[in-house]
Amino acid sequence: QQLISEHPFDPDCEDNDGNTPLSKARSSGRKHVVEYLESVKGEVTKCYDAFNYGRQNEAVRLLKNFKNPHIVKSKNNFTILHCAAYHGWLSVVKELIEDHQFNPDCMDDDGYTPLMKAKSNEKQPVVDHLETV
């Protein structure tokens, strides 16, 4: 727990054989590790869902729980910056870029950038900001 709290990681990361930390803990019978990893994964999922489904107040509140918010993303690398841009949350977009060093030009696995998502949802203030960073 101390290692994870000091060095945040993606709970869905896989090794070369496709194993996640959770699957390795399960297969080795480490019940307390399984429970802890499930709670970490649950927190990531709750935060991502708040961003993805447009619950701004909840998203901002949950974001504060992460030393490394870069781990909060979908399986296809659709980040919380993509979500915030899509919803037009200018202050959140600025925070993610300025305070958490999110790359404004990052692409998900389908090739979409946060700017493209803001444009597709006609969020002009976010579009204007992303075009200048």
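## The nonpolar core

The largest nonpolar core in this predicted model holds 29 residues. A core here is a set of buried Ala, Val, Leu, Ile, Met, Phe, Trp, Tyr and Cys residues joined through side-chain atoms within 4.5 Å, and buried means under 20% relative accessible area with a 1.4 Å probe, protein chains only. Phe51, Val72, Ile80, Val93 and Leu96 have the most contacts inside this core. Two or more residues come from each of H3, H4, H5 (80-87), H6 (90-98), H7 (114-120) and H8 (124-132); helices are DSSP runs (H or I, at least four residues), numbered from the N terminus.

Take Val93: leaving out residues up to four places away in sequence, Val93 touches Leu81, Ala84, Ala85, Val126, His129 and Leu130 (contact means heavy atoms within 4.5 Å).

H8 buries Val126, Val127, His129 and Leu130.

## About the numbers

Residues count from 1 along each chain as its sequence is written, and side-chain values use heavy atoms, with hydrogens and water left out. As the model is predicted, local features need pLDDT of at least 70 and side-chain atom pairs count only at pLDDT 80 or more, while totals for chains, interfaces and linings use all residues.

How values were computed. Buried < 20%, exposed > 50% of the residue type's maximum accessible area, 1.4 Å probe, protein only.
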